[in-house]
Each structure stands twice: as structure tokens, then as C-alpha cells.
Amino acid sequence: MPPQAAYLRGLSNLFSGERRHGPADAPSPAPKPVPSLTPGRTVQKYEFHALYLTVLRFFNYKHLQAIISNQMLDKLTNHGENRMNRTAALFPGFLVTFFLGLALALPFPALAHFGMIIPSESILPQGQKSVELTLSFSHPFEGQGMDLVKPKMFKVFHDGESEDLLGALKPAKVMDHAAWKAGYQPKRPGMYIFAMEPEAYPEPAEDNYIIHYTKTVVSAYDEGEAWNTPVGLKTEIVPLTRPWGNYAGNTFQGIVLMDGKPAPYTRVEVEYYNRNGQFKAPHDCMVTQEVLCDGNGVFTVSMPLPGWWGFAALNDADYKIEGKDVELGAVLWIELKPFATK
């Protein structure tokens, strides 16, 4: 069945008080998992995820966000008849017709989530004594944010030692959503790896939880050599290309680790931080690039634009939270620089 027809059938069932798989009094089987190429990775996909994302993308109104994300998707994923009827009551007939038209006429991109640590500088120049770091959770190319509660862990690693920076975090806003900022003053020249472990983020659209172990690397005064050393996160990307001082157009390689071991055939999502919204993808599938690790957990990607690029290597956890699957992301952010002019 074409995707548009599936969305229409689902919407029709929703607003008539029926489940997607039949009348209200018929048994409703659990949604079938869609396997990915990554061994052991299974995700639940719901047809209404696409409609949800399209509405938010085009309108981004807070009242629509509240209705759709907190109520409509809750009803869909729980498949409760009474909840379905209450959801139908939220939408007057003209909105139903409008959403049906959207389902027919528009594509439905599935936006990628990225934990983010963006420093004010990836290479701290001589004379500048501190760097400011911004922590957030977002769809970086589309400029859509999610609230990031205070992380469980935020540390800096340098010369084999770590320093807890959790107490330095101060509330901030990124893309109109809760985020965090912290300042840090390097004690001496060298390479500093900043890492965050967030609280688990509940994603109703995929009926799971998301935890993105996020890193970035700052070179203080053009120094630092041990950039290919893991810091011991549950999952992480270890650079095989120096993660700073790269030109736009360079190729980057990294190895994905899970519990300290290479994670073969992991799917890696790649996205550009479209900070000022100046770029538009020619096709929705080009918002997020995808690459697969080889049998040794190594991935390779080239990036055409100067600015910040994020890599999110995704695997399933070997545990559940409240009975739901948990997506573990190893995220790394690097900055590409343009050539300077004389």
C-alpha cells in the first residue's frame, strides 16, 4: 500500500473511533518492528510519526505541538479506544480535512535526533583564555529543538584525567527549548574532550527512549595528540581523523565503540548544524545523510560545507526502560574551516 494511502486509512480509523487494524471491538495486534541493517537494532515505526513531523515542520505552533505530541501520539501508541475517542474530539472537522490533504500532498521526513555540544571555538587561539560550551538536543539541520533536562554527566578529559563540570552548567535556550551552557578555562595547552551523558529522553513517536552520549574536542592553542583515545563512555565514536583543524570538503573517519569494543555495521547518521537556517535540502532524504560502518566498526564520510557536523552512531541498548526499547547514540561533533584569504 502506498504511504499516502496508509496515512489516510490510519487517519480515517482514528477519527471514526476505530483502530488502525480494524473496528473498535476487534483485537489490535502490536505494530510490527522494522529491522534495520544494524545487527540487533530494531525500532518501532508508526505511520502517524510522519504526519506529526510534517505538521510541526510547517507550523511549529506551540498549541499544535501540545495537542499533537503530548496527546495525539500518546493515543496512537497506546491504542486505547477511549483515548482514541478523546483525541478525535480535539480536532474539528476542518482540521481533519486539512491533515488529510497534507497526507496526500506532502512528503514525510523522519528527522534525526542529535545530542549536541557546540563550543565557541574548536581551536582556542592564543590570547583567548576560555571556551564556552552549549549543550542541547535537537534536529540540527531543520532547527527544531527538544528540551534537554540537566545531564547526568558532563565532564572534560585531558591527558588521561577527567574533571566534573556538571556544577558549572547554567540554564540556556537553544531553538526556543531548554539547554545548558558552561564556561571552561584550559589549564595548559593541549586537547580537551568534552562529554555528556543525558537523562533518557522519551520519544512517543517511536515508542522508545533515547540516550545520546555526546562528545566534542577542543584544541587549546593548536596542541593535542592523543585524539584517537576513547574516554570510556557506554558508546562513543573514536576519531581516526584528527577531529579539529579540518578544511571543508575533508573526509572524516571514526570507529564506533559499544562497551569499549568495535560495533560492526552500525548505522551512522550525519547532519549539518544549519545554525542560521540559510540552507535547504533539495530533498527531504538529504537532511540527514547515512553511512554504515564496516565489519570493524569504521565509517567514512566527506562533508562539503564549513561549520559544525554531527555524527550519531545508533544501536539498541541491552536493557529497557519502563518496558520500552532504548536507543543508544554515540555522537561526535567536529568543525570544518574554510580556507582563509590573504
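Helices and strands are taken here as DSSP runs, of at least four residues for helices and at least two for strands, and are numbered from the N terminus. In the predicted model examined here, the protein has five helices and 22 strands. Among contacts between residues at least 6 apart in sequence, 67% join residues at least 24 apart.

Strand β11, which spans residues 190-197, is mostly covered, with eight of its eight residues buried. This strand is joined by five bridges to β7 (residues 153-158), the two running antiparallel, and within this pairing F154 has M196 of β11 as its bridge partner. β11 also pairs in the antiparallel sense with β13 (residues 208-220), over seven bridges, and here M191 stands opposite S219 of β13.

The largest nonpolar core comprises 39 residues, and those with the most contacts inside it are I237, F252, V256, V268, F299 and F311. At least two residues of this core are supplied by each of β7, β11, β13, β16 (251-258), β18, β20 (298-302), β21 (307-316) and β22 (325-337), with β22 giving the most, six residues. When neighbours within four places in sequence are left aside, V268 is in contact with V256, Q289, E290, V291, C293, F299, F311, A312 and A313. Apart from this core lies another, of 23 residues, which includes I117, M146, F154 and F194.

The structure holds 10 salt bridges. One of them is formed by K187 and E163, whose closest N and O atoms are 3.0 Å apart; because K187 lies in the loop between β10 and β11 and E163 in strand β8 (residues 161-164), the pair ties together parts that are 24 residues apart in sequence. K187 is exposed, with a relative accessible area of 59%, whereas E163, at 31%, is partly exposed. A further salt bridge links K215 with E236, the closest N and O atoms being 2.9 Å apart. K215 belongs to strand β13 and E236 to strand β14 (residues 235-239), so this pair ties together parts that are 21 residues apart in sequence. Both partners fall under the 20% cut-off for burial, K215 being buried with a relative accessible area of 3% and E236 counting as buried at 2%. The side chains of D325 and K320 likewise meet in a salt bridge, with an N to O distance of 2.3 Å; in this pair D325 counts as partly exposed at 23% relative accessibility, while K320 counts as exposed at 52%.

Backbone geometry was also examined. Most residues other than glycine have a negative phi. M175, however, has a positive phi, near 55°, and is placed in the loop between β9 (170-174) and β10 (177-184). This residue is partly exposed, with a relative accessible area of 21%. Phi of Y265 is likewise positive, near 60°, and Y265 is found in the loop between β17 (261-262) and β18 (267-272), where its relative accessibility of 43% places it among the partly exposed residues.

How values were computed: Residues are numbered from 1 along each chain as its sequence is written. This is a predicted model: local features need pLDDT of at least 70, side-chain atom pairs count only at pLDDT 80 or more; totals for chains, interfaces and linings use all residues. Side-chain values use heavy atoms; hydrogens and water are left out. Buried means under 20% relative accessible area, exposed over 50%, partly exposed in between (1.4 Å probe, protein chains only). Contact means heavy atoms within 4.5 Å. Two strands pair if DSSP finds at least two bridges between them. A nonpolar core is a set of buried Ala, Val, Leu, Ile, Met, Phe, Trp, Tyr and Cys residues joined through side-chain atoms within 4.5 Å. A salt bridge is a side-chain nitrogen of Lys or Arg within 4 Å of a carboxyl oxygen of Asp or Glu.
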